[in-house]
Amino acid sequence: MLCLALALGGASPLHAGGQAESGLGEAEKLIQQQKYSDALRLLASIQKDKPDLADETARLIAQVMAVSQSYNKVLALLQEARVNGDIQAMQKLVAQLMKIDPSRAPEIAQSTSLLAGFLMLMNDAKDLLAAGKPADALARYMLPISDPAHAGFALPQKEFEAAGYGPLIVATVTQAVTLTLATATAAVTSASELAAIPTKLVSFLGGTLPPDSPSAFDALIAPLAEYAGSEGSVRALAASLMDIRATLQRESSTNRDSPYLQYLVWLCLGRQGTQEGIVYALQQLWEGSARSVAESVAKNAAQSFDSARARFAAGALDAAAAAFSNAAARNLLSVKAAGLVSAALKTSAASGWGLSADDASRAAALAAQVSLAQEAVAEAGAYQQLIGYKSELAALPAVILEAPVDPAKSGADLALLASARATIAGRIEDSNAQQKLWTVRASVWDSAAASGAASARVGPSARAMAALFNEFALNELQRRDALYAMRIAAINGSGFPSRLASAIQLRIKGLDLRDGSINGEVPKGSSLVEKHPDLAIPVLAAASDNLDALIADISAQEQVLQAEKPWVKASAGYDAIFNGTAASPGDNQLLATARDERAHLDAYRAAALAQQDDAALASREGDNWFNQAQAALGKRDPDGAESFLDKAVGSYIKSLAEAFSDHAATRTTKDQEDMAARIVTLRSSIAVANAQKAIAAVNQLLANKDFLGASDALDAAARDWAQSQSDTYPPFDSLRLNIQNAVELSQGREISSLDPKADIVNGFIKSAQDNLAGGKLQAATQNVNDALAVAPNYGAAKVLKLQIQKQTNPVKFQTDAGSQMTLYTNMARSSVPEDQRTAYNALLDYSKLDPRFSTQLAPTIRELEYQLNLVRRPPTPAQINQSNTLVAQANARQQEGSPEAYQAALDLLKQAIQINPDNAAASVLYGQIVQKRDAAAPVTLSPADAAKYAQARDLANSGSYQNAYDLVMEVWKTPRNQGYASLKLLKKKLEVLLNLS
């Protein structure tokens, strides 16, 4: 730097005269004054205007560039010092920049001075935090916001507000700063209150807990919870500031950052990788007291629980119950205290911080502490439950098995014993569930202890709890229950007569009637056997009544005694009472057989009832669908009729599968075939009627010159005809050539509604019409020109243009129009098709302008339509007679009624329609013959498909339903085969039998 300054200061001056004349002297003077930007501008001008001074100019430019290079090197070092937070280096390098280029340095010096002051404040606050003075650190952090003068610097708030970010962003940032300042101020004020909470807790835990101890405890630790929440609030505010900063930086074209937002985030969260900032100070302020509270409450809870266990072990059950209740309450408080500490571990993802190694360790310890407390609460409840069970058992009656039975008191004794057993059964179930629960819990805690958790003592404690419940269930509850069971057996006695044989015979008879079987075997040879569930129901009911009486006598023993329980079976006398001997079957065997029969009979009878109901329901459903099919025929709806008929046949087959009836059998054969034939006839009749209606609509569209619409309508009519008919309709063919010629001629003169230009052009035409109606001729002209620019040949636009010309200058228009119409009339007589098309379109436009023009031009336009094949020339009398003759011949042939005669008649009618397309009688007769031909030609199967159908039918009759259905579906794949009535019926039957329909 010193060498550079000497070089600049020692630059040799030019001759005075040369300097003044050339301007180099002024440039050298500016360099000496360190006005480098002005010097460069002057030197650039000299270099351009006076090339003879290039050497001197280059020398001075080099001096200026050397200064710039030196400045940039120091600036780079300064930027590195700013990134590293090196305050001393920043101050030293700023002084160097001011010395090198005082005109450029002030702005960077100002921002660096602000950064250095901010970093010193942050370092001071960090030292206070390290010294355990969070309140003093908070006061220090607030200075740049609350007292900039005391802080020694001011944050660039005004620059931020003047940057043009918008009032919403500025208001959001201002509110965040205000809330953060208020939170920090309140925390400083409350510091002493937070520190005093652990001392207050000692007094709270030392005495008897109040009834509302959770609420009282919450009130005690409320300030800690409040500032835990305050910490989270400031984190959220800082996160919002970071979001705003990132958004502004992302939307800036230069990726420019906001220093003000950066400083605010640093104040809240501290610098990256450091433990500082308002958030950290708030955490330090409340977290220590919270941890002290948690540790004290946990220790107190553990001591309380040990005391309760000791009382239980000594047999003082009432005192133990009260002690466990108190221990549970204190452990609940420990969970609350641990939950409060957990707030210290909830870091914000927006800050970029995760849990540190220390935090992760504390989180694991906290989780273990919470789990231990929860486990203690659960164990206390289990002890209280066990104490209640023991007290309850002591109050139940004692039992002496050898005591004689008093018949007068047996009823009361049985009731008393049954009530006691019900109580014991519930307690055994509860105790076993508790034993399993605590065994599982012990395993879980053993696993946790093996992985290093601070809970190794909980596993043995849980196993001890499981052992207590297990011992109580085995040695007290089950032993007492077995005594009660044997006493009940002695009272009830035994010796039930056997009545199973007659009930079994009734069951076999009822099933044969229900299933159409003989001694349980279904006869082969038919896919739908005759079943009579209505006759089976009373027989099965009689069998059920007999078994009900038998079961009522036996079930009082086995059900009441609950002999399935292991401890009952192991008791003395069980085998003799229930299992019996080889010569005399016991109660269990008799009851098992009777129950098995009774259970099956219920199912059999329910099935018979369901069969009867399902058959009736399916038959009624079939009648409903059949009636709807007939109604659809009356409404000329063949699709609906076919759909309803298909549903009706399926319902009737379902009815036959459940219960035989002559009505359902007839409906699936004779009635179905008759209805199907009527549907075919109706479908052909509708096709002919729709075709005639379509032809009339097409002719009307042609008369209206809507050639595109006529083409679309004819295509739609042809598609509709093809959906139900196998051949084409000849009258359609005679129209298609005329339509094609008309569409070709009108190419561009009409616009289809599907054309993307249609909305645009029609919009211009609508505006032109409105403007013309309002007398705005110039605007209307512009609208028409706009339309023609998009569609140059659009007929409606050309006609509208002529209308505007007519209104603009009527006299001139009449003269011009007469001349033009004469010209195009003469052109119409040309034999050249192109001239004829041009004349036709022009004359058509003029005919739309004036009724007189229309009358005058009509003959010429009509002749052009004949010549251009737009309209078929009317038939001559000879052609009409020839066409009528062919119709008469066709009518005579179709009277023969054979397929060959129908086809010959149709060929004659095609000739008649070709000669005279207007022959309505020919078109009507054509449709009628098609209808008769289709009705007289039922669908037949090919030899291969017929063989498959026959095989499928045989398989169905032998009961191989799935194989039969697979073959049917192979034949069904051919669309024409789906009209074969027998195939359709077999498919329906198999779907019912396989539950597919």
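Which side chains meet in a salt bridge at 2.7 Å, N to O? In this predicted model, the partners are Arg667 and Asp671. A salt bridge is defined here as a side-chain nitrogen of Lys or Arg within 4 Å of a carboxyl oxygen of Asp or Glu. Because the model is predicted, local features need pLDDT of at least 70 and side-chain atom pairs count only at pLDDT 80 or more, while totals for chains, interfaces and linings use all residues. Residues are numbered from 1 along each chain as its sequence is written, and side-chain values use heavy atoms, with hydrogens and water left out.

Both Arg667 and Asp671 belong to helix H27 (residues 662-703), where four residues, about one turn of the helix, separate them. Helices are DSSP runs (H or I, at least four residues), numbered from the N terminus. Arg667 counts as buried, at 16% relative accessibility, whereas Asp671, at 21%, counts as partly exposed. These classes are set by relative accessible area: buried means under 20%, exposed over 50%, and partly exposed in between (1.4 Å probe, protein chains only).

Across the whole structure, the search finds 25 salt bridges. In another of these contacts, Asp124 pairs with Arg140 at 3.1 Å, N to O. This pair links distant parts of the chain, since Asp124 lies in helix H7 and Arg140 in helix H8 (residues 134-146), 16 residues apart. Asp124 is partly exposed, with a relative accessible area of 35%, and Arg140 is likewise partly exposed, at 21%. A further salt bridge joins the side chains of Arg893 and Glu896 (3.0 Å, N to O). Here Arg893 is partly exposed at 31% relative accessibility, while Glu896 is exposed at 52%. Elsewhere, salt bridges with shared partners connect Asp306, Arg309 and Glu379 into one network.

Helix H7 also contributes to the second largest pocket, supplying seven residues, the largest share of its lining. A pocket is an open set of points on a 1 Å grid over the protein atoms alone, where a 1.4 Å probe fits, with protein on both sides within 12 Å along at least five of seven lines; lining residues have an atom within 4 Å of a point. The volume of this pocket, the space filled by probe spheres set on the points, is about 890 Å³. Its lining comprises 26 residues, and Arg82, Ser111, Leu114, Pro156 and Pro259 lie nearest the centre. At least two lining residues come from each of helices H5 (54-84), H7 (105-130), H10 (157-161) and H15 (259-269). By type, the lining has 15 nonpolar, six polar and five charged residues.

How values were computed
Ala, Val, Leu, Ile, Met, Phe, Trp, Tyr, Cys and Pro count as nonpolar, Asp, Glu, Lys and Arg as charged, and the others, Gly among them, as polar.
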